Amino acid sequence: MRHFLALDLKDNPALIAEYEAYHRSIWLEVREHLNAHGITGMEIYRLGTRMVMLMETDDARYNADAMALATQNNPKIREWEDLMWKFQAPTPWTPEGEKWVAMTRIFAL
């Protein structure tokens, strides 16, 4: 299944450049965590400070709640998430306490 999510970056060119540098070479533990939880592909696109993530999942293995719990319980993944929050900001539509927010499809062909 495909999931489209949005997130903002802080409006700071140096921080944006650093964020992109981290994503050119994500930590092995992060890659393994994503794969272990059924994420089979992921792409992130940026326009200004707005980011859109396309996440492909194997729905026989992917469970967002289980993955969130595993993230909280894994010190290395928690370290990555805390580090990324240095660069990230919720969109105006993101629920309190969350990062990425699901986008609504309005058209498909």
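**Notes on helix packing and a few side chains**

1. Buried here means under 20% relative accessible area and exposed means over 50%, with partly exposed in between (1.4 Å probe, protein chains only). Helices (H or I, at least four residues) and strands (E, at least two) are DSSP runs, numbered from the N terminus.

2. Before going on, a word on what you're looking at. This is a predicted model, so local features need pLDDT of at least 70 and side-chain atom pairs count only at pLDDT 80 or more, while totals for chains, interfaces and linings use all residues. Residues are numbered from 1 along each chain as its sequence is written, and side-chain values use heavy atoms, with hydrogens and water left out.

3. After α2 comes G38, and its phi is positive, near 90 degrees.

4. How do α2 and α4 pack? Helix α2 (residues 28-36) meets helix α4 (residues 75-85) at an angle of about 105 degrees, and their axes are 9 Å apart. The axes are lines fitted to C-alpha atoms, for helices over the stretch in contact, and angles run from 0 to 180 degrees between N-to-C directions. The two helices, α2 and α4, are therefore roughly perpendicular to each other. For the wording, under 35 degrees counts as roughly parallel, over 145 as roughly antiparallel, 65 to 115 as roughly perpendicular and the rest as oblique.

5. Which residues make that contact? From α2 it's E29, V30 and H33, and they meet K76, I77 and W80 in α4 (contact means heavy atoms within 4.5 Å). Sorted by class, the contact of α2 with α4 has three nonpolar, one polar and two charged residues. Ala, Val, Leu, Ile, Met, Phe, Trp, Tyr, Cys and Pro count as nonpolar, Asp, Glu, Lys and Arg as charged, and the others, Gly among them, as polar.

6. What about α4 itself? Its buried residues are I77, W80 and M84. They cover an arc of only 55 degrees around the axis, which puts them on the same side of α4. The cover over them includes α1, α2, α3 and β4 (88-89). At the start of α4, a side-chain oxygen of N74 reaches to within 3.0 Å of the backbone nitrogen of K76. P75, also in α4, is exposed, with a relative accessible area of 66%.

7. Buried or exposed: which is K99? K99 sits in the loop between β4 and β5 (101-102), and it is buried, with a relative accessible area of 18%. Its side chain makes a polar contact of 2.9 Å with the side chain of E81 and another, of 2.7 Å, with the side chain of Q88. A polar contact is a pair of N or O atoms within 3.5 Å; within protein, one must be able to donate a hydrogen and the other to accept it, and residues adjacent in sequence count only if both atoms are side-chain atoms. Not counting residues up to four places away in sequence, K99 touches A6, L7, E81, M84, W85, Q88 and T94.

8. D8 is another charged residue worth a look. D8 lies in strand β1 (residues 2-9) and is buried, with a relative accessible area of 10%. A polar contact of 2.3 Å joins its side chain to that of R50. Leaving aside neighbours within four places in sequence, the residues in contact with D8 include T49, R50 and M51, along with Q88, A89, P90, T91 and P92.

9. Last one: E20, found in helix α1 (residues 13-24), is partly exposed, with a relative accessible area of 30%. The C-alpha atoms of E20 and I44 are separated by 10.0 Å, with the two residues 24 apart along the chain.

Methods
The arc is that of the directions from the helix axis to the C-beta atoms.
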